[in-house]
Structure formats: C-alpha cells, structure tokens
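Work through the exercises below with the model on screen. Try each task before reading its solution.

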Amino acid sequence: FTAAAMIATAGMASYAQPAPGGPQMDPAKRAEFVAKRAEHMAKRQAELKQKLGITSAQESAWTSFTNAMKPGERKARMDRDAFAKLSTPDRIDQMKSLRNTRIAEMDRRADATKAFYAVLTPAQKTVFDTETAKKRGGHGGHGGQGGAALQHASTIHVSSFPVFHSG
C-alpha cells in the first residue's frame, strides 16, 4: 500500500469515465468498478494504519489524510466531436483548464500528505517512507512506477498514478 496508490484515487474517476467520444462504460459495470476500488482503498488504508500504529492523538490527522485521498468531483468531459469543433485557441484553453484542475487536486493531496507526515513519529515516518517507496506492478502509466510516482507528483499527470493493486 502506498500514498501514491492513495493519490491514485484521484485518477480512479478517470479510469471509470469513458473516453471522450469513445464507448460508454455500462453503468452497472462502472458502479461495480467504483465499489471494488473503494473497497480495495479501504483495505489498503486499514493496512497502512495498522503498520503505522496510529495513536488516538493522531487519529484526526489520519482521518484528514484519508479523506483528502478520496477522489474529488469531476466535471463531465466534453465529447470528442464537440472538442474538435472548437477553435485551436479554445481547445488549448480547455486543455489548460483541465490541467489546472488536475494540478490543484494533486496539490491538495500533496499538502494533505505533508500535513499528515508532520504528525508522525520518526519510526512512523520510516514506515510511511518505506510503504510509499514500494514499487507496485500492474496498472499505471509511466511504466507502472507505483509509489515512486509520489516523488515526482508535481510533474506526473494525476491519472498516471496506478490504481490500487494487491501486489
């Protein structure tokens, strides 16, 4: 389990949403996918909490951290045909707006991670560092780099983070 994997929940919504102009995911399958991801996230959070040995004094920081890792609301995507009809400057503005929204989400999660990290003991920080540095196989952009992606959070697109995996 990694913080990068928790940050991946930001990208979860993008995995569950159809590509612009592409085939639509069956609503029942989408709901099943989202439910499985949420269940997996809860399991991974519980494992990390146990490994860290979160104290009662740290509980509110833990809750703030895990809440910040939940995916935010995402605007409906513009379909491919509508996007193609925009002028080049308008398409650029649309892409910049989407980029800025994703960067803001990344920043929000990064700030929450740093705030949580600040309340950990030195021993807990070692555990957290170890857990977030683990490389995970499976899904993920940029070669499935898993936890290492957290180190480059400011340069990696939110949806590049891998979704949670059990490996």
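Predicted model: local features only at pLDDT ≥ 70, side-chain atom pairs only at ≥ 80, totals over all residues.

**Exercise 1. The whole chain**

Task: State how many helices and strands the chain has, and describe its burial and surface.

Solution: 
- Step 1. Count the elements. The secondary structure comes to 8 helices and 0 strands.
- Step 2. The run is α-α-α-α-α-α-α-α.
- Step 3. Turn to burial. The chain has 167 residues, and 34% of them are buried.
- Step 4. Look at sequence separation. Take the contacts between residues at least 6 apart in sequence; 71% of these join residues at least 24 apart.

**Exercise 2. H3 and H4**

Task: Decide how helix H3 and helix H4 are oriented to each other, and find the residues that make the contact.

Solution: 
- Step 1. Two packed helices are described by the angle between their axes and the distance between the axes.
- Step 2. Locate the pair. H3 covers residues 27–52, and H4 covers residues 59–68.
- Step 3. Take the geometry. The two axes come within 12 Å and cross at roughly 150 degrees.
- Step 4. Apply the cut-off. Angles over 145 degrees count as roughly antiparallel. H3 and H4 are therefore roughly antiparallel.
- Step 5. The crossing of H3 and H4 is right-handed.
- Step 6. List the contact. H3 supplies Met-41, Gln-45, Leu-48, Lys-49 and Leu-52. H4 supplies Glu-59, Trp-62 and Thr-66.
- Step 7. Sort by class. This contact of H3 with H4 has 4 nonpolar, 2 polar and 2 charged residues.

**Exercise 3. H4 and H6**

Task: Repeat the analysis for H4 and helix H6.

Solution: 
- Step 1. Locate the partner. H6 spans residues 88–118.
- Step 2. Take the geometry. The axes of H4 and H6 are 9 Å apart, and the packing angle is about 160 degrees.
- Step 3. Name the orientation. That angle makes H4 roughly antiparallel to H6.
- Step 4. H4 and H6 cross in a left-handed way.
- Step 5. List the contact. On the H4 side are Ala-61, Trp-62, Phe-65 and Ala-68. On the H6 side are Arg-108, Arg-109, Ala-112, Thr-113 and Phe-116.
- Step 6. Sort by class. The contact of H4 with H6 has 6 nonpolar, 1 polar and 2 charged residues.

**Exercise 4. H6 and H7**

Task: Find which residues join H6 to H7.

Solution: 
- Step 1. Take the geometry. The axes of H6 and H7 come within 10 Å and cross at roughly 145 degrees.
- Step 2. List the contact. Thr-113, Phe-116 and Tyr-117 of H6 meet Lys-125, Phe-128 and Asp-129 of H7.
- Step 3. Sort by class. The contact of H6 with H7 has 3 nonpolar, 1 polar and 2 charged residues.

**Exercise 5. Val-119**

Solution: 
- Step 1. Check one distance. Val-119 and Gln-58 are 61 residues apart along the chain, yet their C-alpha atoms are separated by 6.9 Å.

**Exercise 6. Two alanines**

Task: Is Ala-110 buried or partly exposed? Treat Ala-38 likewise.

Solution: 
- Step 1. Ala-110 belongs to H6. Its relative accessibility is 23%, so Ala-110 counts as partly exposed.
- Step 2. Ala-110 and Ala-68 lie 42 residues apart in sequence, and 9.2 Å apart from C-alpha to C-alpha.
- Step 3. Ala-38 belongs to H3. At 42% relative accessibility, Ala-38 is partly exposed.
- Step 4. Ala-38 and Lys-70 are 32 residues apart along the chain, with 8.9 Å between their C-alpha atoms.

Note on methods
Residues numbered from 1 in each chain as written. Heavy atoms only, no water. Axes fitted to C-alpha atoms, helices over the stretch in contact; angles between N-to-C directions. Helix = DSSP H or I, 4+ residues; strand = E, 2+ residues; numbered from the N terminus. Parallel < 35°, antiparallel > 145°, perpendicular 65-115°, else oblique. Left-handed = near helix turned anticlockwise from the far one by under 90°. Contact = heavy atoms within 4.5 Å. Nonpolar A, V, L, I, M, F, W, Y, C, P; charged D, E, K, R; others polar. Buried < 20%, exposed > 50% of the residue type's maximum accessible area, 1.4 Å probe, protein only. Areas by Shrake-Rupley, 256 points an atom, 1.4 Å probe, with all protein chains shown as cover.
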